[in-house]
Amino acid sequence: MSEWLFRRLIQAMFVMLAMTMIVFVAVNVIGNPVDILVPPDADQVERQRIIVALGLDQPLWAQYVQFLKGALHGDVGVSYVYNEPALRVILQRLPATMELAVCAVIMAVIFGIPLGLYAGLKPDGFASRLIMTGSILGFSLPTFWVGLVLIMVFAVQLGWLPSGGRGETAPLFGVQLSFLTRDGLAHLLLPAINLSLFKISLVLRLTRAGVMEVLPLDYIKFARAKGLSEARVIGVHVLKNIMIPVVTVIGLEFGSVIAFSVVTETIFSWPGMGKLIIDSINVLDRPIIVAYLMLIVVLFVTINLIVDIVYTLLDPRVRVGGQEA
(Lines give C-alpha, C1' and ligand atoms only; values in the text may rest on other atoms or scores of the structure.)
Protein backbone atom coordinates (compact mmCIF):
# COMPACT_ATOMS: atom_id res chain seq x y z
CA MET A 1 0.00 0.00 0.00
CA SER A 2 2.80 2.44 0.92
CA GLU A 3 4.67 1.73 -2.34
CA TRP A 4 1.49 2.26 -4.36
CA LEU A 5 0.78 5.53 -2.52
CA PHE A 6 4.36 6.71 -3.10
CA ARG A 7 4.03 6.10 -6.84
CA ARG A 8 0.77 8.01 -6.95
CA LEU A 9 2.35 10.96 -5.13
CA ILE A 10 5.24 11.04 -7.62
CA GLN A 11 2.77 10.97 -10.51
CA ALA A 12 0.80 13.81 -8.90
CA MET A 13 3.97 15.93 -8.60
CA PHE A 14 4.81 15.46 -12.30
CA VAL A 15 1.23 16.32 -13.29
CA MET A 16 1.33 19.55 -11.27
CA LEU A 17 4.73 20.51 -12.74
CA ALA A 18 3.46 19.96 -16.27
CA MET A 19 0.31 21.96 -15.54
CA THR A 20 2.34 24.90 -14.20
CA MET A 21 4.03 25.16 -17.60
CA ILE A 22 0.80 24.86 -19.55
CA VAL A 23 -1.12 27.31 -17.36
CA PHE A 24 1.66 29.92 -17.18
CA VAL A 25 2.41 29.90 -20.90
CA ALA A 26 -1.27 29.87 -21.93
CA VAL A 27 -2.15 32.81 -19.68
CA ASN A 28 0.90 34.91 -20.59
CA VAL A 29 0.54 34.66 -24.36
CA ILE A 30 -3.03 35.99 -24.32
CA GLY A 31 -3.49 39.76 -24.27
CA ASN A 32 -1.42 42.48 -22.67
CA PRO A 33 -2.53 43.68 -19.22
CA VAL A 34 -0.55 46.91 -19.67
CA ASP A 35 -3.04 48.06 -22.31
CA ILE A 36 -5.81 47.80 -19.69
CA LEU A 37 -3.95 48.98 -16.58
CA VAL A 38 -2.14 51.98 -18.09
CA PRO A 39 -4.27 55.11 -18.69
CA PRO A 40 -4.67 56.06 -22.35
CA ASP A 41 -2.98 59.44 -21.78
CA ALA A 42 0.15 57.91 -20.16
CA ASP A 43 3.42 58.62 -21.93
CA GLN A 44 5.94 55.99 -23.03
CA VAL A 45 8.13 56.49 -19.96
CA GLU A 46 5.26 55.78 -17.59
CA ARG A 47 4.21 52.78 -19.69
CA GLN A 48 7.74 51.35 -19.61
CA ARG A 49 7.97 51.91 -15.85
CA ILE A 50 4.82 49.83 -15.28
CA ILE A 51 6.05 47.10 -17.64
CA VAL A 52 9.30 46.81 -15.64
CA ALA A 53 7.44 46.94 -12.31
CA LEU A 54 5.24 44.03 -13.38
CA GLY A 55 8.23 42.04 -14.65
CA LEU A 56 6.82 41.90 -18.18
CA ASP A 57 10.07 43.14 -19.71
CA GLN A 58 11.73 39.75 -19.12
CA PRO A 59 11.54 36.86 -21.62
CA LEU A 60 8.78 34.32 -21.03
CA TRP A 61 11.14 31.57 -19.84
CA ALA A 62 12.66 33.90 -17.25
CA GLN A 63 9.18 34.88 -16.03
CA TYR A 64 8.29 31.19 -15.70
CA VAL A 65 11.46 30.36 -13.73
CA GLN A 66 10.75 33.29 -11.41
CA PHE A 67 7.14 32.14 -11.05
CA LEU A 68 8.25 28.57 -10.26
CA LYS A 69 10.68 29.74 -7.58
CA GLY A 70 7.98 31.82 -5.96
CA ALA A 71 5.37 29.04 -6.24
CA LEU A 72 7.62 26.68 -4.27
CA HIS A 73 7.37 29.19 -1.40
CA GLY A 74 3.65 29.80 -1.81
CA ASP A 75 4.08 33.03 -3.78
CA VAL A 76 2.47 33.09 -7.25
CA GLY A 77 2.70 36.84 -7.75
CA VAL A 78 0.98 40.05 -6.72
CA SER A 79 -2.40 40.97 -8.17
CA TYR A 80 -2.25 43.88 -10.60
CA VAL A 81 -5.65 45.13 -9.45
CA TYR A 82 -5.78 44.39 -5.71
CA ASN A 83 -2.04 44.96 -5.11
CA GLU A 84 -2.04 41.96 -2.76
CA PRO A 85 -0.53 38.48 -3.07
CA ALA A 86 -2.71 36.67 -5.62
CA LEU A 87 -2.94 33.52 -3.53
CA ARG A 88 -4.22 35.49 -0.56
CA VAL A 89 -6.95 37.09 -2.69
CA ILE A 90 -7.97 33.66 -3.99
CA LEU A 91 -7.97 32.07 -0.53
CA GLN A 92 -10.19 34.87 0.79
CA ARG A 93 -12.83 33.81 -1.75
CA LEU A 94 -12.23 30.06 -1.39
CA PRO A 95 -14.52 29.45 1.65
CA ALA A 96 -17.56 30.85 -0.21
CA THR A 97 -16.94 28.63 -3.25
CA MET A 98 -16.16 25.56 -1.13
CA GLU A 99 -19.33 26.05 0.91
CA LEU A 100 -21.42 26.28 -2.26
CA ALA A 101 -19.71 23.26 -3.84
CA VAL A 102 -20.03 21.08 -0.72
CA CYS A 103 -23.74 21.90 -0.43
CA ALA A 104 -24.28 21.06 -4.12
CA VAL A 105 -22.46 17.71 -3.81
CA ILE A 106 -24.34 16.84 -0.59
CA MET A 107 -27.61 17.52 -2.40
CA ALA A 108 -26.46 15.29 -5.27
CA VAL A 109 -25.74 12.44 -2.84
CA ILE A 110 -28.87 12.90 -0.72
CA PHE A 111 -31.24 13.00 -3.69
CA GLY A 112 -29.33 11.22 -6.45
CA ILE A 113 -28.48 7.91 -4.74
CA PRO A 114 -31.93 7.18 -3.20
CA LEU A 115 -33.80 8.21 -6.37
CA GLY A 116 -31.43 6.18 -8.55
CA LEU A 117 -31.76 3.21 -6.22
CA TYR A 118 -35.55 3.35 -6.38
CA ALA A 119 -35.52 3.76 -10.18
CA GLY A 120 -33.19 0.76 -10.49
CA LEU A 121 -35.23 -1.48 -8.21
CA LYS A 122 -38.54 -0.64 -9.92
CA PRO A 123 -37.58 0.38 -13.45
CA ASP A 124 -41.05 -0.12 -14.92
CA GLY A 125 -42.99 1.86 -12.31
CA PHE A 126 -44.63 5.19 -13.02
CA ALA A 127 -42.57 6.95 -10.33
CA SER A 128 -39.36 5.56 -11.83
CA ARG A 129 -40.27 6.82 -15.27
CA LEU A 130 -41.07 10.23 -13.78
CA ILE A 131 -37.70 10.26 -12.00
CA MET A 132 -35.83 9.43 -15.22
CA THR A 133 -37.73 12.14 -17.11
CA GLY A 134 -36.69 14.63 -14.44
CA SER A 135 -33.07 13.51 -14.76
CA ILE A 136 -33.18 14.20 -18.52
CA LEU A 137 -34.33 17.75 -17.76
CA GLY A 138 -31.51 18.10 -15.24
CA PHE A 139 -29.03 17.18 -17.96
CA SER A 140 -30.59 19.28 -20.69
CA LEU A 141 -31.50 22.62 -19.14
CA PRO A 142 -28.68 25.22 -19.20
CA THR A 143 -27.41 26.28 -15.79
CA PHE A 144 -27.72 30.00 -16.47
CA TRP A 145 -31.35 29.62 -17.63
CA VAL A 146 -32.30 27.52 -14.60
CA GLY A 147 -30.67 30.11 -12.34
CA LEU A 148 -32.64 32.93 -13.89
CA VAL A 149 -35.88 30.94 -13.59
CA LEU A 150 -35.17 30.20 -9.92
CA ILE A 151 -34.60 33.89 -9.25
CA MET A 152 -37.73 34.88 -11.17
CA VAL A 153 -39.96 32.36 -9.37
CA PHE A 154 -38.66 32.17 -5.80
CA ALA A 155 -37.15 35.63 -5.39
CA VAL A 156 -39.22 37.94 -7.61
CA GLN A 157 -42.67 36.30 -7.88
CA LEU A 158 -42.97 34.50 -4.53
CA GLY A 159 -40.44 36.52 -2.52
CA TRP A 160 -39.45 33.47 -0.47
CA LEU A 161 -35.68 33.64 -1.00
CA PRO A 162 -33.14 36.38 -1.78
CA SER A 163 -31.91 36.70 -5.35
CA GLY A 164 -28.20 37.16 -4.70
CA GLY A 165 -25.35 37.77 -2.31
CA ARG A 166 -24.08 35.62 0.52
CA GLY A 167 -26.14 37.03 3.36
CA GLU A 168 -25.14 37.00 7.00
CA THR A 169 -22.24 34.73 7.92
CA ALA A 170 -20.93 33.28 11.17
CA PRO A 171 -17.38 32.13 12.01
CA LEU A 172 -16.45 28.45 12.32
CA PHE A 173 -12.78 27.77 13.14
CA GLY A 174 -12.01 31.27 11.89
CA VAL A 175 -13.84 30.82 8.55
CA GLN A 176 -16.97 32.81 7.73
CA LEU A 177 -19.77 30.47 6.59
CA SER A 178 -23.32 31.19 5.45
CA PHE A 179 -25.13 28.00 6.42
CA LEU A 180 -24.63 28.76 10.12
CA THR A 181 -27.15 31.61 10.03
CA ARG A 182 -30.75 31.65 8.88
CA ASP A 183 -30.21 34.58 6.52
CA GLY A 184 -27.05 33.00 5.08
CA LEU A 185 -28.83 29.68 4.56
CA ALA A 186 -31.61 31.46 2.68
CA HIS A 187 -29.02 33.07 0.39
CA LEU A 188 -27.23 29.73 -0.08
CA LEU A 189 -30.26 27.66 -1.05
CA LEU A 190 -30.97 28.89 -4.60
CA PRO A 191 -27.38 28.83 -5.92
CA ALA A 192 -26.80 25.42 -4.33
CA ILE A 193 -29.93 24.01 -5.98
CA ASN A 194 -28.92 25.51 -9.32
CA LEU A 195 -25.41 24.06 -9.09
CA SER A 196 -26.59 20.62 -7.94
CA LEU A 197 -29.28 19.84 -10.56
CA PHE A 198 -26.88 18.42 -13.15
CA LYS A 199 -24.99 16.48 -10.45
CA ILE A 200 -28.20 14.98 -9.06
CA SER A 201 -29.15 13.75 -12.52
CA LEU A 202 -25.68 12.30 -13.08
CA VAL A 203 -25.53 10.44 -9.76
CA LEU A 204 -29.13 9.28 -10.17
CA ARG A 205 -28.59 7.71 -13.58
CA LEU A 206 -25.27 6.17 -12.59
CA THR A 207 -26.81 4.62 -9.46
CA ARG A 208 -29.76 3.27 -11.45
CA ALA A 209 -27.47 1.72 -14.06
CA GLY A 210 -25.35 0.11 -11.36
CA VAL A 211 -28.36 -1.34 -9.55
CA MET A 212 -29.82 -2.82 -12.72
CA GLU A 213 -26.45 -4.34 -13.59
CA VAL A 214 -25.87 -5.88 -10.14
CA LEU A 215 -29.34 -7.22 -9.34
CA PRO A 216 -29.28 -10.21 -11.79
CA LEU A 217 -25.83 -11.40 -10.58
CA ASP A 218 -25.43 -14.70 -8.75
CA TYR A 219 -24.23 -13.34 -5.42
CA ILE A 220 -27.41 -11.26 -5.08
CA LYS A 221 -29.53 -14.32 -5.80
CA PHE A 222 -27.47 -16.32 -3.30
CA ALA A 223 -27.91 -13.63 -0.63
CA ARG A 224 -31.67 -13.74 -1.09
CA ALA A 225 -31.64 -17.55 -1.08
CA LYS A 226 -29.88 -17.46 2.30
CA GLY A 227 -32.90 -15.64 3.67
CA LEU A 228 -31.32 -12.24 4.16
CA SER A 229 -33.78 -9.39 4.43
CA GLU A 230 -34.31 -7.23 1.35
CA ALA A 231 -33.02 -4.20 3.23
CA ARG A 232 -29.73 -6.00 3.97
CA VAL A 233 -29.39 -7.27 0.42
CA ILE A 234 -29.90 -3.78 -0.97
CA GLY A 235 -28.03 -1.86 1.71
CA VAL A 236 -24.96 -4.11 1.90
CA HIS A 237 -24.60 -6.28 -1.18
CA VAL A 238 -26.03 -3.97 -3.84
CA LEU A 239 -24.94 -0.54 -2.65
CA LYS A 240 -21.41 -1.59 -1.71
CA ASN A 241 -20.76 -3.02 -5.15
CA ILE A 242 -22.05 -0.04 -7.09
CA MET A 243 -20.24 2.58 -5.00
CA ILE A 244 -16.91 2.54 -6.87
CA PRO A 245 -18.22 4.31 -10.01
CA VAL A 246 -20.44 6.51 -7.84
CA VAL A 247 -17.48 7.54 -5.66
CA THR A 248 -15.47 8.26 -8.80
CA VAL A 249 -18.14 10.54 -10.23
CA ILE A 250 -18.82 12.29 -6.92
CA GLY A 251 -15.10 12.93 -6.41
CA LEU A 252 -14.46 14.26 -9.90
CA GLU A 253 -17.70 16.22 -9.98
CA PHE A 254 -16.77 17.89 -6.69
CA GLY A 255 -13.69 19.23 -8.45
CA SER A 256 -15.72 20.31 -11.46
CA VAL A 257 -18.29 22.02 -9.22
CA ILE A 258 -15.50 24.13 -7.73
CA ALA A 259 -13.88 24.81 -11.09
CA PHE A 260 -17.03 25.55 -13.06
CA SER A 261 -19.19 27.36 -10.51
CA VAL A 262 -18.47 30.55 -12.45
CA VAL A 263 -21.93 30.80 -14.04
CA THR A 264 -23.84 30.18 -10.82
CA GLU A 265 -21.70 32.59 -8.80
CA THR A 266 -22.10 35.28 -11.45
CA ILE A 267 -25.90 34.90 -11.70
CA PHE A 268 -26.44 34.90 -7.93
CA SER A 269 -23.65 37.43 -7.15
CA TRP A 270 -22.06 34.83 -4.90
CA PRO A 271 -18.69 36.26 -3.74
CA GLY A 272 -16.58 33.20 -4.52
CA MET A 273 -13.62 32.35 -6.74
CA GLY A 274 -15.76 31.99 -9.85
CA LYS A 275 -16.92 35.61 -9.79
CA LEU A 276 -13.39 36.72 -8.97
CA ILE A 277 -11.88 34.92 -11.96
CA ILE A 278 -14.42 36.48 -14.34
CA ASP A 279 -13.55 39.96 -13.04
CA SER A 280 -9.82 39.15 -13.30
CA ILE A 281 -10.12 37.92 -16.88
CA ASN A 282 -11.86 41.16 -17.85
CA VAL A 283 -8.81 43.16 -16.69
CA LEU A 284 -6.18 40.49 -17.54
CA ASP A 285 -5.03 40.22 -13.92
CA ARG A 286 -2.57 37.42 -14.76
CA PRO A 287 -1.39 36.54 -11.21
CA ILE A 288 -4.99 36.00 -10.09
CA ILE A 289 -5.78 33.89 -13.17
CA VAL A 290 -2.65 31.75 -12.73
CA ALA A 291 -3.24 31.35 -8.97
CA TYR A 292 -6.85 30.29 -9.58
CA LEU A 293 -5.95 27.76 -12.26
CA MET A 294 -3.10 26.31 -10.19
CA LEU A 295 -5.39 25.97 -7.18
CA ILE A 296 -7.90 24.10 -9.36
CA VAL A 297 -5.10 21.79 -10.59
CA VAL A 298 -4.05 21.04 -7.01
CA LEU A 299 -7.68 20.36 -6.04
CA PHE A 300 -8.22 17.97 -8.96
CA VAL A 301 -4.97 16.09 -8.30
CA THR A 302 -5.78 15.82 -4.59
CA ILE A 303 -9.33 14.67 -5.25
CA ASN A 304 -8.12 12.03 -7.71
CA LEU A 305 -5.64 10.76 -5.13
CA ILE A 306 -8.34 10.59 -2.44
CA VAL A 307 -10.67 8.76 -4.84
CA ASP A 308 -7.93 6.21 -5.58
CA ILE A 309 -7.42 5.62 -1.86
CA VAL A 310 -11.17 5.18 -1.34
CA TYR A 311 -11.09 2.64 -4.20
CA THR A 312 -8.69 0.46 -2.23
CA LEU A 313 -10.96 0.62 0.82
CA LEU A 314 -14.10 -0.28 -1.14
CA ASP A 315 -12.53 -3.00 -3.31
CA PRO A 316 -9.25 -4.68 -2.26
CA ARG A 317 -8.88 -6.01 -5.82
CA VAL A 318 -7.96 -2.46 -6.92
CA ARG A 319 -5.06 -2.43 -4.47
CA VAL A 320 -3.89 -5.91 -5.43
CA GLY A 321 -4.05 -5.08 -9.13
CA GLY A 322 -2.06 -1.90 -8.57
CA GLN A 323 0.66 -3.72 -6.61
CA GLU A 324 1.00 -6.39 -9.28
CA ALA A 325 1.34 -3.72 -11.96
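Mentor: The model is predicted, so local features need pLDDT of at least 70 and side-chain atom pairs count only at pLDDT 80 or more, while totals for chains, interfaces and linings use all residues. Residues are numbered from 1 along each chain as its sequence is written, and side-chain values use heavy atoms, without hydrogens and water.

Trainee: Is Ser 128 buried or exposed?

Mentor: Ser 128 belongs to helix H6, residues 126–140. Buried means under 20% relative accessible area, exposed over 50% and partly exposed in between, with a 1.4 Å probe and protein chains only. At 1% relative accessibility, Ser 128 is therefore buried.

Trainee: How many aromatic pairs does the structure hold?

Mentor: Rings of Phe, Tyr and Trp (its six-membered ring) pair if their centres lie within 6.5 Å. On this criterion, the number of aromatic pairs in the structure is two.

Trainee: Which geometry do the rings of Phe 139 and Phe 198 adopt?

Mentor: Planes under 30 degrees apart count as stacked, over 60 as edge-to-face and the rest as tilted. The ring centres of Phe 139 and Phe 198 are 5.1 Å apart and their planes stand at 85 degrees, so the pair is edge-to-face.

Trainee: Which class applies to the pair of Phe 154 and Trp 160?

Mentor: For Phe 154 and Trp 160, the distance is 6.1 Å centre to centre. With 45 degrees between the planes, this aromatic pair is tilted.

How values were computed: Helix = DSSP H or I, 4+ residues; strand = E, 2+ residues; numbered from the N terminus.
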